[in-house]
There are 2 protein chains.
Amino acid sequence: MNKDIFVKLLQQRQYKAVRSILDVMNEVDIASLLSELDDKELALAFRLIPKDKAAEVFANMDSSMQTYLVEIFSEKELKELLDDLYMDDTVDLLEELPANLVNRILDTVSTSDRALINQLLNYPEDSAGSIMTTEYVDIRENMTVAQSMAHIKETGIHKETIYTCYVTDRRRLIGIVSAKDLMTTDDDVLIKDLMETEIISVKTHTDKEEVAKLFTKYDFLAIPVLDTDGLMVGIVTFDDAMDVMVEEATEDITKMAAINPSEKTYFETSVFAHAKNRIPWLLILMFTSIITGTIITKYENAFAAIPLLVSFIPMLMDTGGNCGSQSSTLIIRGLALSQVRFKDIFRVIFKEFRISLIVGAVLALTNGIRIMIQYDNAGLALVIALSLIGTVIVAKMVGCILPLLASKIHLDPAIMASPLITTLVDIFSILIYFNIATMLFNL
Amino acid sequence: MNKDIFVKLLQQRQYKAVRSILDVMNEVDIASLLSELDDKELALAFRLIPKDKAAEVFANMDSSMQTYLVEIFSEKELKELLDDLYMDDTVDLLEELPANLVNRILDTVSTSDRALINQLLNYPEDSAGSIMTTEYVDIRENMTVAQSMAHIKETGIHKETIYTCYVTDRRRLIGIVSAKDLMTTDDDVLIKDLMETEIISVKTHTDKEEVAKLFTKYDFLAIPVLDTDGLMVGIVTFDDAMDVMVEEATEDITKMAAINPSEKTYFETSVFAHAKNRIPWLLILMFTSIITGTIITKYENAFAAIPLLVSFIPMLMDTGGNCGSQSSTLIIRGLALSQVRFKDIFRVIFKEFRISLIVGAVLALTNGIRIMIQYDNAGLALVIALSLIGTVIVAKMVGCILPLLASKIHLDPAIMASPLITTLVDIFSILIYFNIATMLFNL
């Protein structure tokens, strides 16, 4: 939908046409169209959305638009919206709203919903409890397929997903039946003869990244969430798990570039916040690299005698850094996808060692030939070739060991990524280089 | 399930117990248990899996296990397996098998399936066509809800998903009905009055990354795939889209560390293949950093006069590299998530410029103070502080502009990541540093 046409229709009060457009549009697309409107147009357009879509559109809006709408809504409009919002979206909304609006919402909902909301708001930020919803289809084992279908028909419209039905007995989860099973099984079959009893579930305090991993592994549509007493309290649906996966990948990538992660997008983050997220690691790395500089000064005599030696410093440092970050990146990603584990450390070291021999040999040979051609100096070629091999080996060892050690002591391996490894490897490459040079050239 | 117990039961021919265990286990877990067995145990255990789970377990195995099983299967076993495998899993299997086994499979399936398989195998590797399946629920607009439900009951068991039903008219897709709509709507309602007609679909040649993005955006369970004539040919399901998302994130992360991506996991990739994936970029970057070295030799007089100058080279190079990769990483991720676009280039540049002023000032001040304390040399402190500010600004500019330019000319922005930017920024930081030093110290 073209924004300009839509705004023109709004301004000309062609409400019927606007309603027809909103009627055929997807909720996600409506939310994105509305995000381009100014406040007044937004309020007007939102009120023209068909009632059965309004809550879903609202859930897809960003928090500033949501805040604005909650502010201007009448008591009645707010109540209607809250009735239609799923519990996880309500909680997401409350987490973003200023305190006065939170109170307004808590005053609007029923006492039982208020208690539930408070409970959900109390789960730790990165837990399954914080992303779960409490609306799920709940059936009994002595129901038939037909009775279950009738139950879904009656209540299902208000559930976030009806495709996985939970068989409970006094809030204890005893089985799972998929809608596919219900739809393809005869009416008089009993749920207890149809249900799966081997259930994979998570706890309210399970880390949401772990939850997302279960979705990728098992291709679930939803996963049940149990409280500490083992009673069923909600479900996490696949769409929320997908969002978590994307967020976690972004967080890892950000950390790997020595930036403190932010939950906001690039443009949503202010200049000051960007600077604040980037400065700490830069300072740490800057002061670490001073060590490298200090080491260089110790070899002042070497490069005073052969000034050409200085010109190879960038090449050795960069190569070392790149080799180290190649290894650390692959290991960090392997750890994130559970393809590499701490117990594999010796396999990894052996593998990286063999890789570094090949890589080191190729780089040393190429560069040795280059130096022979350019300077016709066999001694120099040998120094650089040996330094390269040594640097590559050390870089790959440091690069693969550090993330594994971090995972062992429950640090996020992602912070052991390129920048830190580059800085550490610098120290080694300079030491290797000047020691070899001093020895071979008798400096 | 404990592997040792399972193997012991197999060896003791306690087949009934083994069958009971396999009966309650999840297909994904069975596949992972089987992956720990040797070939003979694998063949035995696979044949004990309940028939309704066997195909799903098979689809979750890695290709070496699949190849082995296809090799030893009887004609009848192979036929049974192929009948139960979804078309996308069959195609995945064929892509991994050696030629003689591919022929064996093509001889086993029906003529119509063979034609279909050949067509699916012909779609480009990264296209929607290559990950779609052809089994979906197909209904007509003049059917009632009850008729549709009866149709699903009859045919649904063989469909990969029945939760989105496709309304077609002579293979043309005219509407979509969700199973939720069917299950919560009265029996005599006509599909044409229930179906959504605003349909989001992809083409067979749409890039699978684009397909995955649509899933994240719209929270679909499945998306229809149309051929070039606009006729419906299949669907992509959310589980395949999730796999694509994880793969693409891995690919980006790998590229950002200057490694040619591999489809295999860390341990599946051989030492030689690892080396081959890492060497090309290392060579390119190594030779680029020689430029930096050559520039340094031009300032031989400077560091001959003040040898201390050399010791600041690593700090400036590392800081420049880190600043540049911070910016490039955020922009590359923003581009991947469509949160940043090429048209935002001036907004990005302005933002990064302001960030670099803050970051540069903080780093310059901290380091200036350090140098004053350590060397009590105001001139040196000034040179380093100014060089740091200059380097940070240039690094952040290069870091944000290069990925945006890459996206503009349809190169993958991920290759513009840290390593390349580090090497480029090195050149600038050395030039800035020695020029400022030469000027201020009159060298």
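**Ground rules**

I number residues from 1 along each chain as its sequence is written, and chains are lettered from A and ligands numbered from 1 in the order in which they are written. Because the model is predicted, local features need pLDDT of at least 70 and side-chain atom pairs count only at pLDDT 80 or more, while totals for chains, interfaces and linings use all residues; side-chain values use heavy atoms, with hydrogens and water left out.

**Entry 1: a sheet in chain B**

I began with strands and helices, which are DSSP runs numbered from the N terminus (helices H or I, at least four residues; strands E, at least two). Two strands count as paired if DSSP finds at least two bridges between them. In chain B I found three strands in an open sheet, ordered S1-S2-S3, with mixed pairing. Which strands are at the edges? They are S1 (136–139) and S3 (172–178) of chain B, and each pairs on one side only. From one strand to the next, the twist averages 35°. My angles run from 0 to 180 degrees between N-to-C directions, and the axes are lines fitted to C-alpha atoms, for helices over the stretch in contact.

Helix H12 (residues 145–155) of chain B packs on this sheet and touches S1 and S2 of chain B. The direction of H12 makes about 145° with that of S1(B). Contact here means heavy atoms within 4.5 Å.

I then followed strand S2 (residues 161–169) of chain B, which pairs with S3(B) in the antiparallel sense over six bridges. Opposite Thr164(B) I found Ser178(B), in S3(B). A reminder to myself: strands of a sheet pair through backbone hydrogen bonds, either parallel or antiparallel.

**Entry 2: an enclosed strand**

For burial I use relative accessible area: buried is under 20%, exposed is over 50%, and partly exposed is in between (1.4 Å probe, protein chains only). Why is strand S6 (residues 232–237) of chain B largely enclosed by the rest of the structure? Six of its six residues are buried, so the strand is largely enclosed. S6(B) pairs with strand S5 (residues 222–226) of chain B in the antiparallel sense, over five bridges. The bridge partner of Pro224(B) is Ile235(B), in S6(B). The hairpin of S5(B) and S6(B) has five residues between the strands, and Gly230(B) takes a positive phi near 85° there.

**Entry 3: positive phi without glycine**

Most residues other than glycine have a negative phi, which made me look for exceptions. Arg13(A) is not a glycine, yet has a positive phi of about 55°. I located Arg13(A) in the loop between helix H1 (3–11) and H2 of chain A. Is Arg13(A) buried or exposed? With a relative accessible area of 63%, Arg13(A) is exposed.

Asp376(B) also has a positive phi, near 50°. Asp376(B) lies in the loop between helix H20 (345–375) and helix H21 (378–408) of chain B, and counts as exposed at 63% relative accessibility.

A nonpolar core is a set of buried Ala, Val, Leu, Ile, Met, Phe, Trp, Tyr and Cys residues joined through side-chain atoms within 4.5 Å. How many residues does the largest one have? It has 168, and Met61(A) and Met61(B) are among those with the most contacts inside it. Apart from it lies another core, of 91 residues, including Cys323(A) and Val398(B).

**Entry 4: where the chains meet**

I found 111 residues of chain A in contact with 111 residues of chain B. The area buried between the two chains is about 10300 Å², with 71% given by carbon and sulfur atoms. Buried area is the accessible area (1.4 Å probe) that two parts lose on being put together, summed over both. In chain A, Met183(A), Tyr266(A) and Phe267(A) lose the most area to chain B, together 8% of what that side buries.

Asp376(A) and Ser178(A) are 198 residues apart in sequence. C-alpha to C-alpha, I read 75 Å between them in space.
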